[in-house]
Amino acid sequence: MTPRRLPDDPQLRQLVVAQMSRRRLLAGAGGLTLAGMLAACGTGGTPTSPGSGSAGAVVDKSAKEKIVNWANWTLYLDYDSEAQTYPSLDAFTKKTGIQANYSEDIDGNDSYFGKIQGQLAAGQDFGQDIVTLTDWMTARMIRLGYTQELDRSNIPNAKNLLPNLQDVDFDPGRKHSLTWQSGFAGIAWNKKAVPGGLKSVSDLWNPELRGRVEVLDEMRDTLGLMMLENGVDIGGKWGDNEFDNALDDLNRQIANGQIRQVKGNSYKQDLISEDALAVIAWSGDITQLNFEQGDKWEFILPEAGGTLWSDNLMVPVASPHKTNAEKLMNFYYDPENAATVAAWVNYISPVEGAREAMEKVDPSLVDNPLIFPTDEYLANAHVVRTLDADEETKYNDRFQKAIGR
């Protein structure tokens with residue numbers, strides 16, 4: 001991919017640093033600001049005491065080993081396809097002398113956690129100093145004692161985190177995590193193949209799309225959209241009946257062949273190959289694919305509503321480069337650098353000042369509702385209510401069984 005109008009200066013110093021006047025974005029009758037909605041994305045309640053994965057006597061080798069290893073999702077950082085580099089990471093290395101090793105290892109929260117859980121539980125380093133996982137999985141990581149407490153003195157730019165994200169229920173005081181990006185889950189389709197477009201999740205079940213539909217392996221997004229379609233307030237007091245009704249619908253569409261596959265981030269490749277024509281998708285993915293492939297897809301929040309979520313940066317329990325990881329976090333909480341990332345990934349930046357800086361990076365994106373949502377757009381976005389640990393286990397097990405995991 002070609003990056004979106006990145007600054008020529010690798011230090012990204014040509015952008016104008018300005019404080020963003022905090023936009024009061026109301027989410028319908030609830031009256032929540034954007035930051036308030038994002039703060040509500042968490043799950044799991046108050047963390048328990050660290051378990052066997054407690055960092056304990058982990059030695060920080062940052063001073064001797066000038067490296068930091070970061071695991072992230074695909075299409076989630078500015079990338080120059082010609083040079084095959086990440087310009088902002090190059091700027092970070094030039095500024096700090098720390099070599100950043102970046103890998104797109106995360107395809108789904110559950111699948112990635114399954115790979116690293118054993119080493120986390122044993123308090124072992126699995127080769128990553130930063131992992132980027134969604135709020136509910138972040139809650140689990142913190143609750144199980146699988147993260148190290150951050151030294152905020154190494155992250156002074158953390159003051160730029162939106163005020164209502166500074167203290168969330170799954171990480172009081174933000175001692176273990178910082179928001180990376182936020183976004184929406186909705187529906188998307190190939191505009192040429194589906195010229196009439198789609199309006200609802202039910203439209204995915206149209207017979208002409210049989211075998212060409214894919215949904216996400218994220219329970220809160222796929223089942224969240226399906227519960228919304230059934231008239232459920234996913235931020236309210238739903239339980240087994242509401243969940244199981246949506247799960248029955250999902251099972252039916254998998255069994256009858258309407259749904260081709262249930263996937264994580266890799267669903268994008270099936271859109272490109274046209275094996276999939278209509279999907280439950282993440283907002284920024286479609287914007288990026290359109291930028292690369294020539295505006296082939298449309299993304300909307302369904303009439304019944306879409307979901308809103310956040311991903312977070314954490315330092316795993318046995319990472320030996322914690323200070324270097326904190327310095328990288330600090331770099332991306334500079335509004336200039338945050339705007340550069342947002343211009344490429346097209347997700348919601350959690351950094352105050354990013355919208356003002358965006359006017360210099362790419363003015364055409366300043367009014368993009370997927371990056372800087374309007375009141376009207378947010379009114380149709382919903383946050384799945386907080387699940388306690390027992391509910392998370394129960395509902396996740398049922399969902400994983402349904403999708404064959």
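Author: Let's start with Asn251, which is partly exposed, with a relative accessible area of 31% (buried is under 20%, exposed over 50%, and partly exposed in between, with a 1.4 Å probe and protein chains only). Please keep in mind that this is a predicted model, in which local features need pLDDT of at least 70 and side-chain atom pairs 80 or more, while totals for chains, interfaces and linings use all residues. Numbering runs from 1 along each chain as its sequence is written, and side-chain values use heavy atoms, leaving out hydrogens and water.

Asn251 belongs to helix H6; helices (H or I, at least four residues) and strands (E, at least two) are DSSP runs numbered from the N terminus. In sequence, Asn251 and Phe399 are 148 residues apart, yet their C-alpha atoms are 9.5 Å apart in space. H6 covers residues 240-255 and helix H13 covers residues 389-402; their axes come within 10 Å and cross at roughly 10° (lines fitted to C-alpha atoms over the stretch in contact, with angles from 0 to 180 degrees between N-to-C directions). The two helices are therefore roughly parallel, since angles under 35 degrees count as roughly parallel, over 145 as roughly antiparallel, 65 to 115 as roughly perpendicular and the rest as oblique.

On the H6 side, the residues that meet H13 are Asp240, Phe243, Asp244, Leu247, Leu250, Asn251 and Ile254. Their partners in H13 are Lys394, Tyr395, Arg398, Phe399 and Ala402, where contact means heavy atoms within 4.5 Å. By class, this contact of H6 with H13 has 7 nonpolar, 1 polar and 4 charged residues (Asp, Glu, Lys and Arg are charged; Ala, Val, Leu, Ile, Met, Phe, Trp, Tyr, Cys and Pro nonpolar; the others, Gly among them, polar). A handy reminder when you look at such a face: an α-helix has 3.6 residues a turn, so residues three or four places apart point the same way.

H13 has another neighbour to look at. The axes of helix H5 (residues 219-229) and H13 come within 11 Å and cross at roughly 80°, so H5 and H13 are roughly perpendicular to each other. Here Met219, Arg220, Thr222 and Leu223 of H5 meet Glu392, Tyr395, Asn396 and Phe399 of H13. The classes in this contact are 4 nonpolar, 2 polar and 2 charged residues.

Now for the wider chain. Its secondary structure comes to 13 helices and 10 strands, and 58% of its 405 residues count as buried. Among contacts with a separation of 6 or more, 79% join residues 24 or more positions apart.

The largest nonpolar core has 110 residues, and Trp70 and Phe184 have the most contacts inside it; such a core is a set of buried Ala, Val, Leu, Ile, Met, Phe, Trp, Tyr and Cys residues joined through side-chain atoms within 4.5 Å. Strand E4 (residues 178-190) gives the most to this core, with 7 residues. Leaving aside neighbours within four places in sequence, the contacts of Trp70 include Leu77, Leu89, Tyr102, Trp180, Leu313, Leu328 and Tyr332. A second, separate core of 10 residues includes Met358, Val361, Ile371 and Phe372.

Leu328 and Tyr332 are among the buried residues of helix H9. H9 (residues 322-332) is mostly covered, as 9 of its 11 residues are buried.

Ser283 lies in helix H8 (residues 283-293) and is buried, with a relative accessible area of 0%. Beyond four places in sequence, Ser283 is in contact with Gly183, Phe184, Phe299, Tyr347 and Leu370. Tyr347 is in the loop between helix H10 (335-345) and helix H11 (354-361), and is itself buried, at 2%. Between Tyr347 and Tyr76 there are 271 residues in sequence but 8.8 Å in space, C-alpha to C-alpha.

Asp295, in the loop between H8 and strand E8 (297-300), has a positive phi near 55° although it is not a glycine, and it is partly exposed at 46%. Gln84 is also not a glycine and has a positive phi of about 55°. Gln84 sits in the loop between strand E1 (67-73) and helix H2 (87-96) and is exposed, with a relative accessible area of 61%.
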